[in-house]
Amino acid sequence: MTAFKSDFLNILQERGFIHQCSDFEGLDALAAKGGATAYIGYDCTAPSLHIGHYLTMMILHWLQESGNKPITLMGGGTTMVGDPSGKDETRVIRSVAEIEANKASIRGVFEKVLRYGDGPSDAVMLDNAEWLRKLNWIEMLRDVGRHFSVNRMLTMDSVRLRLEREQEMSFIEFNYMVCQAYDFVELSRRVGCRLQMGGSDQWGNIVTGVDLGRRMGTPQLFALTAPLLMTASGAKMGKTAQGAVWLNADQFSPYDFWQYWRNTEDADVGKFLKLFTTLPMSEIRKLEALGGSEVNEAKKVLATEATALLHGRDAADQAAETARRTFEEGALAESLPTVEIPRGELDAGLGVLNAFVKAGLVVSNGEARRQIKGGGLRVNDEAVTDEKLVLSAASLTPEGVIKLSFGKKKHVLIRPA
C-alpha cells in the first residue's frame, strides 16, 4: 500500500475506491495542498440515480472531507448526445423536457452526502448544457475537433467494443467523448477544476479530456477512476429481482434499500462498509473480524448506516425496526413496502399470479408459477400451492392489507384504495 501525502488519496486507497489514476504523484501533491477542485458528471437519463452513482458520490464526499472542493456536473447537454460506454445499442434520444424533468428529480440526492455553499470546500452544482448547447458547430470543429485523432478514438473501449460486436454506433454517440473532454477543459477554465473522476468505464473519456486540456493550454489535468462494483460471487452489483437499486425513495423505498444491504454476501460486508458508510476504519475492522452468525450483526450495521446516509437516520432506524418485527417477531409491520390497487379490482377477484407481478416481487406470471412449484410464494404467511388462487376482500388481514412474500426476506403489502 502506497503512503500518500494527501489525506484524500490515503482515504480513497484505504477504503478501496482507487482503480486507475493518470498521475498519482502529481495528483497527490495537488490534493495535499488542499483546495483542489474536482468533478464527476451525471447524465440525466432517468428520474433517479442508482447504486453505481452512489459510489462516485462517496468519492466526492471524501474529497470534501479532506479539504477539497467537489463539483457535481449535471449532464443537461451530454444527455442529449448519449454515452455509448458499456452499451451494445444506441441510447434512446430524450427530449429537452424529459432531460429537464430527470435533472430536477435527481438534484436533491447529492445534498445527502455533500455540503453545498460558497465556502472554499463547499460543493457546487453546474450543468454542461450551459456551454454545450451554445457551441457553434464550425467553431467547435476548428477549435476543439482538430485536437482529436479518429485513430485513437477508435481504440477507446466505448467505441472498439461496439465495433467488435458489429453493433452500429451512431455519429452522435461517437461525439460523446468529445463533449465530455470539452467539459473538462471548460471547467478548468471557468472554476480551476483539475481532476475528473468516475467509474472505471469512464477511463477512456476522462483521459481524453486530460489530453485535450494539454493541447488547449490548461494547467495539468488529472484522471481518477473507481473499480467496477462486483460482488464476491462475481455478479455485477446493483441489480435485484425488481430491477435497479435506485437512490430516490419514491423508486426504491428506504426499507428495500435497507434490505438490499442486509442481504449482502458475507465476503462483501467489509468492502461495502468501507465504500458506502462513513464509519471510522477502526470500527469497520472490528466488524470485518466478526465470523459465523455474528456477521449478520455487521450486515445490519451496514444496512442501517448506508440507509441513514442516503435517507436519514429516522428512515434507517424505521427500516431496521420493520425488519426486526417482520423477521424476528413475525409481526405484520405497517411500514413494509405497499402497493395500492383499486378496491373494485380486489372485489372482482385478483389472481394470485397477477398479484405478485403487481407487487413487483416477480417479473411475470411464468416466474410466479415456477416459484409456487418451488414453495417460494406466500400470502399472509401461508404457502401458495394453487396457481389459480384468487385473492378477494376475504383475503384482507384485520389491518386491511394482504401480505405477499417471496422467500423469507421479500415482503409487500397489497392495500385496496
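**Chatting through the model**

A: Let's start with Met216, which is found in the loop between α11 and β6. This is a predicted model, where local features need pLDDT of at least 70, side-chain atom pairs count only at pLDDT 80 or more, and totals for chains, interfaces and linings use all residues. Residues are numbered from 1 along each chain as its sequence is written, and side-chain values use heavy atoms, with hydrogens and water left out.

Q: How are the helices and strands defined here?

A: They are DSSP runs numbered from the N terminus: helices are H or I with at least four residues, strands are E with at least two.

Q: OK, is Met216 buried or exposed?

A: Met216 is buried, at a relative accessible area of 18%. The cut-offs are under 20% for buried and over 50% for exposed, with partly exposed in between (1.4 Å probe, protein chains only).

Q: And what does Met216 touch?

A: Not counting residues up to four places away in sequence, Met216 touches Asp143, Val144, His147, Val185 and Arg189. Contact here means heavy atoms within 4.5 Å.

Q: How far apart are the C-alpha atoms of Met216 and Met125?

A: They are separated by 24 Å, and the two residues are 91 residues apart along the chain.

Q: Switching to helices. Which residues of α8 are buried?

A: In α8 (residues 157–164) those are Ser158, Val159 and Arg162. They lie on the same side of α8, because they cover an arc of only 95 degrees around the axis. The arc is taken from the directions from the helix axis to the C-beta atoms.

Q: Why would residues three or four places apart point the same way?

A: An α-helix has 3.6 residues a turn, so residues at that spacing point the same way.

Q: What do the buried residues of α8 pack against?

A: They pack against α7 (150–153), α9 (171–174), α10 (176–191) and α11 (203–215).

Q: Which residue follows α8?

A: Glu166 does, and its phi is positive, near 60 degrees.

Q: What about α4, which residues are buried there?

A: Ile99, Asn102, Lys103 and Ile106 are the buried ones in α4. Their arc around the axis is only 100 degrees, so they sit on the same side of α4. On the other side of α4, Ala97 and Ala104 are exposed. The buried residues of α4 pack against β2 (37–43), β3 (69–75) and β4.

Q: On to charges. How many salt bridges are there?

A: The count comes to 17 salt bridges. The rule asks for a side-chain nitrogen of Lys or Arg within 4 Å of a carboxyl oxygen of Asp or Glu.

Q: Which residue forms a salt bridge with Glu14?

A: That's Arg285, with the closest N and O atoms 3.5 Å apart. Arg285 lies in helix α14 (residues 281–288) and Glu14 in helix α1 (residues 7–15), so the pair ties together parts that are 271 residues apart in sequence. Arg285 is partly exposed at 44% relative accessible area, and Glu14 is partly exposed too, at 34%.

Q: And Glu65, what is its partner?

A: Glu65 forms a salt bridge with Arg115, the closest N and O atoms being 2.9 Å apart. Glu65 is in helix α3 (residues 51–65) and Arg115 in the loop between α4 (96–106) and β4 (124–127), so this pair ties together parts that are 50 residues apart in sequence.

Q: What about Arg313?

A: Arg313 forms a salt bridge with Glu305, at 3.0 Å between the closest N and O atoms. Arg313 is partly exposed at 40% relative accessibility, whereas Glu305 is buried at 19%. Elsewhere, salt bridges that share partners join Glu100, Lys103 and Asp127 into one network.

Q: Back to loops. Where does Thr231 lie?

A: Thr231 lies in the loop between β6 (222–226) and β7 (239–240), and is buried with a relative accessible area of 18%. Leaving aside neighbours within four places in sequence, Thr231 is in contact with Met237, Glu265 and Asp268.

Q: Last topic: which residues form the nonpolar patch on the surface?

A: Trp137, Ile138, Leu141 and Phe171, with about 450 Å² of accessible area together. Accessible areas come from the Shrake-Rupley method with a 1.4 Å probe, and for residues only the protein chains shown count as cover. Patches are made of residues with over 30% relative accessible area and no salt bridge, where like charges are joined within 9 Å and nonpolar side chains (Val, Leu, Ile, Met, Phe, Trp, Tyr) within 5 Å. Helix α6 (residues 137–143) gives the most to the patch, with three residues.
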